[in-house]
Amino acid sequence: MRVLVLPGDGIGPEITEATLKVLERADAAHGLGLEIERADIGLKSLAEQGTTLPDAVLRRIPEVDGVLLGPVSHYEYPTRDKGGINPSGALRTEFKLYANIRPCRSRPDLTVLRKPMDLVIVRENTEGFYSDRNMFAGTGEFMPDPDMALSVRKVTAKACRAVARTAFELAQHRRKKVTAVHKANVVKLSDGLFLREVRKVAAEYPEVTLEELIVDATAALLIRRPDQFDVIVTTNMFGDILSDEASELSGSLGLGGSISEGDGICVAQAQHGSAPDIAGQGKANPTSLILSAAMLLDWLGRRHDDPRYLAAAKAIEAAVERALDDPGSRTADLGGPLGTDAFTARVCDALAGVVAPA
Ligand code: NAD
């Protein structure tokens, strides 16, 4: 299967190289027959082609089976008319990647939590408060005068239903509970619509319990009672913020895998940003992108009914766990001594069944 690799900015190229090494190992062990193609996006393509998202990349995406996308420094990009397009947001709207799936599990000696966390955040991915991508033309943000800025939130029944269905399908195979996170006490119409559609979908899954929780309480309960959550479904911005919180609570922003999926294509993407503060220093934790790649293999395995891909996904997850288990083989964000390459080598060794030296 063909995977298009877009390394992105900041630590993107470093963690992408690390992830490709792990994929190469998994490919050799499981006979996946992966065909990897690379293309530049972000600041590199801006310098060379005048845009952070070349048309050729957009045209190629529907022709491949999956995409591996490194984090991008879109905060640094120029305005759209000067070539600055956020590839992450643009791919989600262009290819209708309505669900962003972000699992998060605490590891006993890495977390500050007193109770275990094992949850999945399913985040609506194409609209909500994200004004750079929630309009057909123009943006949802504008300034009527120099001292006033307005932002429009967009919530549609169709997108809410789609993301709710993804959440209930996931919960069916887990602990059978969905928590719908909202702020309907304040944004009554838009989050009222979100809850209305989630409840409709919930009625089709009588074996799954639906709980509704206000977003501020959720932020607190993730710390106090993380074990009460199984699958969280929520709108775009709430899901973005809560998933960073959950990831960091589990040990580090660098730990959580993430895919954005639609009906036709899946994009694997780290949960975190491009970490410009540590870019080029060889110390980024590649776990998030490696686990995202494993989620992509799992998605491909389910979509194409291919057990090799399902097995490779599980093997990568197990290898990452094994590498993380040893405090001596962790990266700096987890208090460990290893850089990106050395940690990746441990994951590759674990994947090949080689036990790292004590
Ligand atoms: P960030 O997630 O890049 O970094 C936050 C902090 O976490 C930093 O201290 C960073 O060093 C650390 N960190 C993040 N990932 C890490 C990793 N893998 N290993 C070790 N430490 C890691 O968030 P930010 O600093 O707010 O944003 C930086 C840039 O990333 C901005 O341009 C922002 O727009 C962009 N961004 C991109 C995405 C994306 O591509 N999907 C998501 C969020 C932010």
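K96 sits in the loop between α4 (87–94) and β4 (99–105); helices (H or I, at least four residues) and strands (E, at least two) are DSSP runs, numbered from the N terminus. This is a predicted model, where local features need pLDDT of at least 70, side-chain atom pairs count only at pLDDT 80 or more, and totals for chains, interfaces and linings use all residues. Residues are numbered from 1 along each chain as its sequence is written, and side-chain values use heavy atoms, with hydrogens and water left out.

**Lysines with positive phi**

- K96 isn't a glycine, yet its phi is positive, at about 50°.
- With a relative accessible area of 57%, K96 is exposed (exposed means over 50%, buried under 20%, partly exposed in between; 1.4 Å probe, protein chains only).
- K176 is another non-glycine with a positive phi, of about 60°.
- You'll find K176 in the loop between α5 (157–172) and β8 (177–182), where K176 is partly exposed at a relative accessible area of 33%.

**Around the ligand**

- The ligand is surrounded by 20 residues, and V72, G273, A275, D277 and N285 are the closest (a residue counts as near if one of its heavy atoms lies within 4 Å).
- That shell splits into nine nonpolar, nine polar and two charged residues (Ala, Val, Leu, Ile, Met, Phe, Trp, Tyr, Cys and Pro count as nonpolar, Asp, Glu, Lys and Arg as charged, and the others, Gly among them, as polar).
- Backbone N or O atoms come up to oxygen atoms of the ligand at V72, 2.9 Å away, and at S274, 3.1 Å away.
- At N285, a backbone N or O atom is 2.8 Å from a nitrogen atom of the ligand.
- On its own the ligand has 810 Å² of accessible area, and the protein covers 71% of it (Shrake-Rupley method, 1.4 Å probe).

**G10**

- G10 belongs to the loop between β1 (2–6) and α1 (12–30), and counts as partly exposed at 30% relative accessibility.
- The C-alpha atoms of G10 and V72 are 7.0 Å apart, though 62 residues separate the two along the chain.
- Setting aside neighbours within four places in sequence, G10 is in contact (heavy atoms within 4.5 Å) with S73, S274 and A279.

**S329**

- S329 lies in the loop between α10 (307–325) and α11 (340–351), and is buried, with a relative accessible area of 1%.
- Its side chain reaches the backbone oxygen of A323 at 2.4 Å.
- Beyond neighbours within four places in sequence, S329 is in contact with A323, L338, F343 and R346.

Methods
Polar contact = N/O pair within 3.5 Å; in protein donor to acceptor, adjacent residues only side chain to side chain.
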